Amino acid sequence: MTFDKYSATLTISKKNRRRGFEKQVATISDMAIRQKERFEAFVEFSENVDEKLRRLHLDMTERVFNEIIDYITDVDSLLEAERMLEENVRLLPVICFNTGINLADHKATFEILGGKIEKTFEHCRVCRLSANKLSTLKATFTNMCNQLGVSFSVDATISTIEQHFASEEPPLIAVILENCESIDIRIFSKFLEIVANSQSALKIIVILGIATDTEMIKDLIPYEALSLCDIRQFRCMAATHYLQEFLDEEVMHPDSYFQLSGRCFEWSLIEFLR
């Protein structure tokens with residue numbers, strides 16, 4: 001092979017390699033663009049679904065929340081009347097709120113309920129306590145004081161809260177125990193007794209978040225604490241109602257981004273109701 005032929009062959013080979021490289025770069029670039037588009041579409045869809053679910057959740061809990069608000073309004077007036085008539089008030093209103101085991105999101109439910117209570121009552125404070133914050137009475141009242149903005153130097157107690165509001169009209173305090181089945185029953189019953197004995201100086205309403213059976217509270221709490229409580233029961237809609245509404249709004253709708261196959265739909269249904 002002559003030098004000219006070798007040089008021409010080498011030039012063609014370099015051009016082919018360059019074209020191949022440019023083609024690979026273009027392919028990678030196209031893949032990156034498509035991946036970015038898919039990711040942006042996923043983020044947009046997930047945000048859209050999250051907003052729809054939150055709106056659906058709010059709509060479906062509106063009725064029971066309004067019933068709870070009406071009850072709290074009546075109780076607030078009743079506590080005021082008892083405080084005017086009696087020196088020692090020990091009535092403790094307790095709302096047993098059955099959220100259901102398969103409710104879409106318990107945390108969102110209590111967040112919405114707490115916000116609704118604060119918006120409805122002008123002079124009101126809401127404390128949301130989960131089981132891990134009620135390991136001891138000290139931890140319970142420490143968390144209550146922190147959420148109420150009550151300062152303390154040594155240990156937080158119910159007296160700390162009483163002293164903080166002694167010079168002013170005490171606000172209505174709604175204490176939400178989000179998963180009371182997991183709370184130590186001794187701490188739980190003692191907490192109810194202490195709060196009931198403070199009703200002459202404070203206005204406290206306890207809301208118990210119960211996923212299973214509200215009747216079990218009466219079986220678990222000792223009579224000494226139970227006798228101080230005025231218990232009312234409220235219930236969220238069954239999980240199957242949430243499922244049906246979600247299916248109608250998002251899954252079975254013709255404009256839905258995702259069309260589920262029969263097998264996938266059946267699996268999702270079983271997992272939800274398990």
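Modeller: Buried means under 20% relative accessible area, exposed means over 50%, and partly exposed lies in between (1.4 Å probe, protein chains only). This is a predicted model, where local features need pLDDT of at least 70, side-chain atom pairs count only at pLDDT 80 or more, and totals for chains, interfaces and linings use all residues. Residues are numbered from 1 along each chain as its sequence is written, and side-chain values use heavy atoms, with hydrogens and water left out.

Biologist: OK. Is D184 buried, exposed or partly exposed?

Modeller: D184 is partly exposed, because its relative accessible area is 31%.

Biologist: Which residue does D184 form a salt bridge with?

Modeller: R186, with the closest N and O atoms 3.3 Å apart. A salt bridge puts a side-chain nitrogen of Lys or Arg within 4 Å of a carboxyl oxygen of Asp or Glu. R186 is exposed, at 64% relative accessible area.

Biologist: What else does D184 reach at the start of α5?

Modeller: The backbone nitrogen of R186: a side-chain oxygen of D184 comes to within 2.9 Å of it.

Biologist: What should helix α5 span, at 1.5 Å a residue?

Modeller: 18 Å for its 13 residues, 185-197, and the end C-alpha atoms are 18 Å apart, so the two agree. The expected span is 1.5 Å times one less than the number of residues. Helices (H or I, at least four residues) and strands (E, at least two) are DSSP runs, numbered from the N terminus.

Biologist: Which residues of α5 are buried?

Modeller: I187, F188, S189, F191, L192, V195 and A196.

Biologist: Back to charges. How many salt bridges does the structure hold?

Modeller: There are 6. One of them joins D76 and K203, at 3.2 Å from N to O. That pair links distant parts of the chain: D76 sits in helix α1 (residues 3-85) and K203 in strand β4 (residues 203-210), 127 residues apart. D76 counts as buried at 18%, and K203 is buried at 7%.

Biologist: What does R128 pair with?

Modeller: E178, with the closest N and O atoms 2.7 Å apart. R128 is in strand β2 and E178 in the loop between β3 (172-177) and α5, 50 residues apart.

Biologist: New topic. How many disulfides are there?

Modeller: A search of the whole structure finds 0. A disulfide needs a pair of cysteine sulfur atoms within 2.5 Å.

Note on methods
A polar contact is a pair of N or O atoms within 3.5 Å; within protein, one must be able to donate a hydrogen and the other to accept it, and residues adjacent in sequence count only if both atoms are side-chain atoms.
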